[in-house]
Amino acid sequence: MSRPVLITGGTGQVGLELARLNWPADVEPHFPDRVAFDLGSKASVACLANRDWAAVINCAAYTAVDKAESEVGAAFLANAQGPAWLAEATARAGIPLIHVSTDYVFSGDGEGFYEPGDPVDPPGVYGASKLAGELAVRTGNPRSVVLRTAWVLSAHRGNFLKTMLRIGAAGGPLRVVADQTGCPTSAADIARALQAITLAHLKDRGAPTGIYHFVNAGEASWCDLAREIFALSGAAGGPSADVTAITTADYPTIARRPANSRLCTASLTRDFGMTPRPWRDAVAEIVAELVGPIAQEKK
C-alpha cells in the first residue's frame, strides 16, 4: 500500500533536493505548489483531512531575514501560524510532522557549538517567528521533530555560494565578514536527513521526537567559506576572486546576525544514526555541479 507524504516548500532549496532523492517504492512524496497548498491559509491546511497522509515534512518558510524586521505579520504567518495549523491537523490525523527550523533561534553570543536544549534568544523578528513555530509544532503534535539547520547552500535558488560565484564572475576583489562563524550545510544533505527521519517515523510510531540539529561537520567564517568557494571554482576553471576579511561592523545589515551559528549534531547521530560529512566536501560537490569537475589536486 502506498504511503503519501506531503512536503511543503517544494520550490525552496531543501524542497528541490527532497524531490531529487530516491524514495522507497511504497512511499509517495507530494510537492504541491503554493496554489494547491498555502501554509498561510487555515482553509488550505485544513484540506489535509481530505487525504490519508502518512506524514508531513514542512520546509516552507519566510526566510527574508532583513525584510522580516518590517514585515512582522508576514513572517509570523508563515513561520509560526502556518506550522501551528499544520501541527493541529497532523495531530488530529495521528501522523508525524517533521519541521525545519534555524540557528537564528539562538542569540549567537554563546561559546562553542549550540546543543538543541541550550537557551534560545532570537536576535530578530525572523528568529522569533521561527522559534514561535517550533513551540507550536512541539506543543501541537507529540509526534513531531524540529530539525534546526544553518548556512544552507545548494545549486538552486539564491544562497551565499551562488552569490559569491556571480560576484566573482564580475571581477574585482571581495570583502567578506570574518567574525561570524557557522557550519556551511548542503541542502541535499538536509534533505537526506529529513528523509531518514521521516522513514524512521513511518517504520516505527515510537521513533524519537523532539528538537535536533543538522549541519555539515566542521566550522567556518563567511570569509573562510568564500575563499574555499573560489579555490574550488578556480580549480575547475570557474570564477575566482581575492577575498579580504572584514568585520560585521564593516558590513551593517538591518537585522542582527548571530556571531556564532555553530550547531551540535551529536543527538541526531545518537538517535537516528546520521553522521554529517565535512562541509568542505559538501561545498565541493555543489561547486562541481555549478562550475564543473574540480581539478584532482584540489580534491
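This is a predicted model: local features need pLDDT of at least 70, side-chain atom pairs count only at pLDDT 80 or more; totals for chains, interfaces and linings use all residues.
A polar contact, as I use the term here, is a pair of N or O atoms within 3.5 Å, and within protein one must be able to donate a hydrogen and the other to accept it.

Start with the whole chain. The secondary structure comes to nine helices and 12 strands. Along its principal axes, the C-alpha trace spans about 55 × 40 × 40 Å. What is the radius of gyration of the protein chain? The chain has 19 Å. A compact globule with 299 residues would have a value near 19 Å, so the two agree.

Next, the inside. Buried residues make up 51% of the 299 residues. Now take the contacts with a separation of 6 or more: residues 24 or more positions apart account for 82% of them.

The protein chain exposes about 13,000 Å². Carbon and sulfur atoms supply 53% of that area. On charge, there are 27 positive and 30 negative. Their mean positions are 4 Å apart.

Now zoom in on Ser144. This residue sits in strand 5, which covers residues 144–149. Is Ser144 buried or exposed? The relative accessible area of Ser144 is 0%, and buried means under 20%, so Ser144 is buried.

Who are the neighbours? Leaving out residues up to four places away in sequence, Ser144 touches Leu97, Val137, Arg138, Thr209 and Gly210. Arg138 comes up again. The side chains of Ser144 and Arg138 are joined by a polar contact of 2.8 Å. That value is within the 3.5 Å I opened with.

Terms used: Residues are numbered from 1 along each chain as its sequence is written. Side-chain values use heavy atoms; hydrogens and water are left out. Helices (H or I, at least four residues) and strands (E, at least two) are DSSP runs, numbered from the N terminus. Buried means under 20% relative accessible area, exposed over 50%, partly exposed in between (1.4 Å probe, protein chains only). Contact means heavy atoms within 4.5 Å. The radius of gyration is taken over C-alpha atoms; the globule rule is 2.2 Å times the number of residues to the power 0.38. Accessible areas come from the Shrake-Rupley method with a 1.4 Å probe; for residues, only the protein chains shown count as cover. Lys and Arg count as positive and Asp and Glu as negative; His and the chain ends are not counted. The place of a charge is taken as NZ of Lys, CZ of Arg, CG of Asp or CD of Glu.
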